Amino acid sequence: MSTLFKSYDLAGTELANRVVMAPMTRARALNDIPDEHTIIYYAQRASAGLIISEGIPISREGCGYLFNPGLYSDEQTKAWRRVTDAVHAKGGRIFAQLWHVGRMSHVSLQPGGASPVSAVAIAAEKSKAYAWVEKGKPGPVQASIPKALSTTEIHRVTADFVNAARRAVDAGFDGIELHGANGYLFEQFLNGALNNRKDAYGGSIANRQRFLLETLDALAAEIGNARVGVRLSPFGRLFDMHPYAEESDTWLSLASALNDRDLAYVHLSDQLTIGAEAIPEGFATQFRQAYRGTLIAAGGFNRELAEAVLEEGDLDLIAFGRPFISNPDLVERMQNGWPIAEGDRTTYYGINGSPTKGYTDYPAYGETVAN
């Protein structure tokens, strides 16, 4: 049997195979609460060894896009429990990706119309949130100028992550993934070209990593390190992230720090397939040498490439994103050599006039309608 389809022990959580469904924003929750269609969507894809949920905002402040189901209210927690129960009933495993967008938000989304927050008070140029263009009219809007978080507020955001993690466990998730990638809040601190703070959270590599590592430690203390993963995008350029001195050293020292924490996994996001630059050639091998725990990567994999890197030992699990949108049975299709269906990009985000179109209406192979 191909390694891709063999079981895997993820820090005590048994996965049926090494295929991971990558986190993907779908903007389908009109009231920011998972609904019947959310349940169906995730349950249809439960044959993945591990599902990582779409980004789940930890607070209203952490939201940067309309219609994303959150995890900061009792109603949301109860609704997510129905999703996890449905995935578990089909033998699947699911982690919640906990998310704070930082400056990638708009005042129309913030409590009381306040400014978004970030490491520094610098807006992300030519970067759009999905917010209210005007009352009742959603659409892409230039991200607002943020305010810099004070030290006290940084600690409060860490507490918000811890509270969301506890809710995730209460909702039946098998663990959580801290979203530290793609130009969102934690990367806004990590990036040396942006973070010009003069306190303990800016300047040196260690200072720029402090917020992320303190939050991971707090999460591990709350729910156990075996239930905590983290997603990173080394050399990421999304949302006005720029190159900086010691960039490679920043990521490799972070890899070493994460190795010491014995987390469930580290998940690397290569941004080439989403329109940005790829991780430099050879860097993944360097990262692997510094981080010896479970390593996942996402970024344009097919079965053949996934099997090759697993055999080489560079990765332990392989994350697939867009193929899972149009192939709820992606694992079975790859395992049996069945055709991989193409998705309709116009229905990747939002309702598009129908709660099922492009969401739960993709059939499994050999079926004419989705379950």
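Reader: What does Tyr201 touch, and what counts as a contact?
Author: Tyr201 touches Thr151, Ile154, His155, Phe189, Asn195, Asn207, Arg208, Arg210, Phe211 and Glu214, leaving aside residues up to four places away in sequence. A contact means heavy atoms within 4.5 Å. The model is predicted, so local features need pLDDT of at least 70 and side-chain atom pairs count only at pLDDT 80 or more, while totals for chains, interfaces and linings use all residues. Numbering starts from 1 along each chain as its sequence is written, and side-chain values use heavy atoms, without hydrogens and water.

Reader: Why is Tyr201 called buried?
Author: Its relative accessible area is 3%. Buried means under 20%, exposed over 50% and partly exposed in between, with a 1.4 Å probe and protein chains only, so Tyr201 is buried. Tyr201 lies in the loop between helix H4 (185-190) and H5. Its C-alpha atom is separated by 8.2 Å from that of Thr151, 50 residues apart along the chain.

Reader: Where does helix H5 lie, and what is its angle to S11?
Author: Helix H5 (residues 205-223) lies across strands S10 (175-179) and S11 (228-232), and runs at about 155° to S11. Such angles run from 0 to 180 degrees between N-to-C directions, on axes fitted to C-alpha atoms, for helices over the stretch in contact.

Reader: What makes the strands a barrel, and in what order do they close?
Author: Eight strands close in the order S3-S4-S5-S10-S11-S12-S13-S14, with parallel pairing. The twist from one strand to the next averages 25°. Helices (H or I, at least four residues) and strands (E, at least two) are DSSP runs numbered from the N terminus.

Reader: How do you know that S4 and S5 pair?
Author: Two strands pair if DSSP finds at least two bridges between them. S4 (residues 50-57) and S5 (residues 94-99) have five, in the parallel sense, so the pair qualifies. Ile52 stands opposite Phe95 in S5.

Reader: How many bridges join S12 to S13, and S13 to S14?
Author: Four bridges join S12 (residues 265-269) to S13, and three link S13 with S14 (residues 317-320). Both pairings are parallel. Ala298 in S13 is the bridge partner of Ser269, and Ala319 in S14 is the bridge partner of Ala298.

Reader: What makes both faces of S13 covered?
Author: In S13 (residues 295-298), Leu295 and Ala297 on one side and Ile296 and Ala298 on the other are all buried. In a regular strand, side chains alternate between the two faces of the sheet.

Reader: What makes a nonpolar core, and which residues of the largest touch the most other members?
Author: A nonpolar core is a set of buried Ala, Val, Leu, Ile, Met, Phe, Trp, Tyr and Cys residues joined through side-chain atoms within 4.5 Å. The largest has 86 residues, and Leu232 and Leu258 touch the most other members. Helix H3 (residues 151-170) gives the most to this core, with eight residues. Apart from it lies another core of 14 residues, including Ala22, Leu50, Ile52 and Ile296.

Reader: Why is the protein chain called as compact as a globular protein of that length?
Author: The chain has ten helices and 14 strands. Its radius of gyration, over C-alpha atoms, is 19 Å. Buried residues make up 57% of the 371.

Technical notes
The radius of gyration is taken over C-alpha atoms; the globule rule is 2.2 Å times the number of residues to the power 0.38.
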